[in-house]
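Please look at the sequence and the structure before reading on.

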Amino acid sequence: MNIELRKLTLKDYSDLKESMAQAYDTLGGQIWSKQSIAKLLKLFPEGQLCIAVDDKVVACSLSIIVDYDEYGDKHTYQMITGDYTFSTHDPHGDTLYGIEIFVSPEYRGLRLGRRLYEARKELCESLNLKSIIAGGRIPGYHEHASKLNPRQYIDKVKAKELFDPTLTFQLSNDFHVRKILKNYLPGDHESKEFATLIEWNNIYYQGIDASARSAKTIRIGLVQWQMRLFPDIEAFYEQVEFFVDAVSGYKSDFIMFPELFNTPLLQPYNHLPEMEAMRKLAERTEEIVAKIQEYAVSYNVNVISGSMPIVENNKLYNATYLCHRSGKTEEYRKIHITPNELKYYGMVGGDRIRVFDTDCGKIGILICYDVEFPELSRIYADQGMQILFVPFLTDTQNGYTRVRRCAQARAIENECYVAIAGCVGNLPKVNNMDIQFAQSAVFTPSDFAFPTNAVKAETTPNTEMMLVVDVDLHLLDELHHFGTVKILKDRRTDLYEVKLLK
């Protein structure tokens with residue numbers, strides 16, 4: 001027999017389904033759907049543990065992280081799991097909440113449950129969480145309900161006068177009963193729908209210091225870039241470095257440049273057809289990104305490098321680069337190509353959609369036209385995005401209005417901040433880049449904690465400048481749980497969903 005404790009994977013679902021049905025036969029064989037397990041693994045992969053015996057999953061522990069004060073001791077299972085959607089998971093929370101633990105009946109007696117509890121404790125300590133809390137069944141209670149109330153029953157189990165297959169095990173693993181819950185898990189007839197709120201305290205918990213709390217306030221710098229001709233690429237770098245230096249001087253966490261802000265460098269190729277000229281400019285992208293990454297490290301600021309053309313497998317893409325101040329570089333390619341980009345440059349769309357993990361939380365990036373497609377940012381929101389960055393380039397005011405209004409809608413419907421930055425001015429001697437219109441801004445959700453017009457700050461239209469804005473991620477957490485409306489939580493996921501196809 002080979003016993004392995006490891007992280008759960010989606011490939012384990014078939015075994016998981018079988019074992020769970022056996023373990024919970026008395027509850028009607030209730031099991032988690034494959035979609036639910038997939039979502040848990042995406043949100044909090046390290047919190048989903050299993051034990052495989054001879055490569056077959058026979059025991060499992062599922063958990064999320066919550067800010068426990070938001071729910072208190074009177075919650076139900078449905079409430080703590082966000083109506084089974086896990087929208088309550090908060091990576092910045094203080095409590096590891098156990099939502100499932102079971103061992104297949106065939107393998108009980110091997111102390112596999114103890115291994116899972118010990119693994120949970122190690123996870124709680126490694127993540128510096130205050131405690132482990134869970135609602136525990138008391139499946140032996142129905143045999144004594146006619147003579148004992150729940151408290152009396154629990155006291156007798158504590159005194160070892162009675163044996164309960166779940167509570168006795170939990171008490172032996174250093175958990176204590178914090179409270180008795182009523183109607184915690186409807187349908188649990190063995191427990192008479194009562195449950196114990198059990199807790200294990202992490203004695204190594206260090207608390208959250210002031211610096212960790214302040215990390216929830218993120219400073220964003222936006223560059224409203226004036227299109228101008230440069231005598232050479234060094235002059236272009238000088239202008240880029242000027243803005244990075246200026247924004248970093250205000251201790252910003254992010255700086256964002258606009259879409260295709262390097263197109264003034266097309267001027268030497270203006271004698272070529274637009275498609276060929278843009279491909280010539282793409283030859284400089286690798287060098288430009290390397291230079292911006294140097295600035296990100298030396299000025300200690302994360303840089304969203306607007307966007308630039310790149311060629312791969314003879315295809316032309318519109319790409320932006322997230323240059324982390326740690327030295328790492330990540331790429332996003334514009335998904336939706338405008339008719340103009342297709343006609344003049346022959347650009348094609350990328351096919352990778354994901355959020356980026358940064359030292360300031362999870363962010364998403366969409367390039368201009370992409371923000372007009374609400375599905376993309378909704379997928380980002382489901383992946384935990386808190387700030388959406390949108391570099392854009394629009395020539396006319398009605399084009400800008402489309403980007404602005406859609407960006408504002410994305411902030412409201414996804415309960416996040418959205419920052420947009422564009423180019424301004426005229427660019428003579430560069431074909432198809434004649435005029436630009438922009439007013440860069442940071443948009444917020446619309447509720448009492450935010451500005452009444454849902455605009456945190458905005459620039460003067462059509463003027464080169466930079467905008468430095470603080471956004472408070474704590475306010476997003478409060479909105480998500482206590483907002484006048486709770487858009488993400490109130491979605492009818494039983495009726496519809498937005499998902500990636502690949």
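Surface patches are made of residues with over 30% relative accessible area and no salt bridge, where like charges are joined within 9 Å and nonpolar side chains (Val, Leu, Ile, Met, Phe, Trp, Tyr) within 5 Å. A charge is placed at NZ of Lys, CZ of Arg, CG of Asp or CD of Glu. Areas come from the Shrake-Rupley method with a 1.4 Å probe, and for residues only the protein chains shown count as cover.

The model is predicted, so local features need pLDDT of at least 70 and side-chain atom pairs count only at pLDDT 80 or more, whereas totals for chains, interfaces and linings use all residues. Residues are numbered from 1 along each chain as its sequence is written, and side-chain values use heavy atoms, without hydrogens and water.

K74, R151, K158 and K179 form a positive surface patch. Of these, K158 sits in helix α5, residues 150-158 (helices, H or I, have at least four residues and strands, E, at least two; both are DSSP runs numbered from the N terminus). K158 has a relative accessible area of 43% and is therefore partly exposed; buried means under 20%, exposed over 50%, and partly exposed in between, with a 1.4 Å probe and protein chains only.

Salt bridges come next. A salt bridge is a side-chain nitrogen of Lys or Arg within 4 Å of a carboxyl oxygen of Asp or Glu, and the count by this rule is 29. One of them joins K121 to E118, with 3.2 Å from N to O. Both residues belong to helix α4 (residues 112-126) and are 3 residues apart, about one turn of the helix. K121 is buried at 5% relative accessible area, while E118 is partly exposed at 35%.

Another salt bridge runs between R178 and E199, at 3.0 Å from N to O. Because R178 lies in strand β6 (residues 176-182) and E199 in strand β7 (residues 194-201), this pair ties together parts 21 residues apart in sequence. R178 is partly exposed at 36%, and E199 is buried at 8%.

E312 and R333 also form a salt bridge, their closest N and O atoms being 3.0 Å apart. This pair links distant parts of the chain, with E312 in strand β11 (residues 308-312) and R333 in strand β13 (residues 329-333). R333 is buried at 14% relative accessible area. Finally, E4, R6 and D12 are linked in a salt-bridge network.

Conventions
Lys, Arg positive; Asp, Glu negative; His and termini not counted.
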